[in-house]
Amino acid sequence: MADEMFFTKGDKALRRGSRIHPRTDTCRPCLVRLRSAPSMELEGVVMDINPKGMRVRMIEALPVGTEISIQLMRDDAFKVPFSVAHNAVVVRHIPGAAGFTDHGFKLQLSPVKKLTWKAPKQAARGPAHRAERPRMHTIDVRVGGPIRGRKTR
């Protein structure tokens, strides 16, 4: 099986392959281009995917070690792209039923730059002094003019 599952010698325990990440099943059309011949486009379907690679079903069989560029597509007509093209290498191919070949592609990921966190610089504070209490001011305002009996300046 493609997942490298097999029983141990005691036939009582099932041992699974050493996958780095679990696979996510999908059925997404894709275009595969050979990096040595970018004008040649091959059509395929991504059967499952994980962050390190994917399994693609195609009619053509590509030899192991072939460097490719793969682009996921939105539609079955292979016209509208879903993502940018990613570089990959063919790591295996398994002939399947009905003339299709399942390929294992390992993605060539560019290294992610690790950012370091720096504490923000604090502004220099002035001399420490006690803040004054705010003073409240009141104003007598009357609509229609000054209040009778009081002199206004």
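User: In this predicted model, which residue in strand 4 does C30 stand opposite?

Analyst: The model is a prediction. Strand 3 covers residues 24–34 and strand 4 covers residues 41–50, and the two pair in the antiparallel sense. Within strand 4, the residue opposite C30 is G44.

User: Over how many bridges do strand 3 and strand 4 pair, and through how many residues does the hairpin join them?

Analyst: The pairing of strand 3 with strand 4 is antiparallel and runs over eight bridges.

User: Which residue in strand 5 is the bridge partner of I49?

Analyst: Strand 4 also pairs with strand 5, residues 53–58, in the antiparallel sense over six bridges. A hairpin of two residues joins strand 4 to strand 5. The bridge partner of I49 in strand 5 is M54.

User: Is Q71 buried or exposed?

Analyst: Q71 is placed in strand 6. Its relative accessibility is 13%. The cut-off for buried is under 20%. Because 13% falls under that limit, Q71 counts as buried.

User: Which residue has its backbone oxygen 3.0 Å from a polar atom of the side chain of Q71?

Analyst: Leaving aside neighbours within four places in sequence, Q71 is in contact with P29, C30, L31, R33, P81, S83, V84 and A85. One of these contacts involves a polar atom of the Q71 side chain and a backbone oxygen 3.0 Å from that atom. The residue that holds this backbone oxygen is S83.

User: Where is F78, and what is its phi near?

Analyst: F78 is in the loop between strand 6, residues 67–72, and strand 7, residues 86–95. F78 is a residue other than glycine, yet its phi is positive. The value is near 60 degrees.

User: Why does F78 count as buried?

Analyst: A residue is buried when its relative accessible area is under 20%. F78 is in a loop, but it still meets this limit and therefore counts as buried, with a relative accessibility of 16%.

User: How is V80 classed by relative accessibility?

Analyst: V80 is in the loop between strand 6 and strand 7. Its relative accessibility is 39%. Buried needs a value under 20% and exposed one over 50%, so V80 counts as partly exposed.

User: Which residues is V80 in contact with, leaving aside its neighbours within four places in sequence?

Analyst: V80 has its place in the loop between strand 6 and strand 7. With neighbours within four places in sequence left aside, the residues in contact with V80 are M73, R74 and D75.

Definitions and conventions. Residues numbered from 1 in each chain as written. Predicted model: local features only at pLDDT ≥ 70, side-chain atom pairs only at ≥ 80, totals over all residues. Heavy atoms only, no water. Helix = DSSP H or I, 4+ residues; strand = E, 2+ residues; numbered from the N terminus. Buried < 20%, exposed > 50% of the residue type's maximum accessible area, 1.4 Å probe, protein only. Contact = heavy atoms within 4.5 Å. Pairing = 2+ DSSP bridges. Polar contact = N/O pair within 3.5 Å; in protein donor to acceptor, adjacent residues only side chain to side chain.
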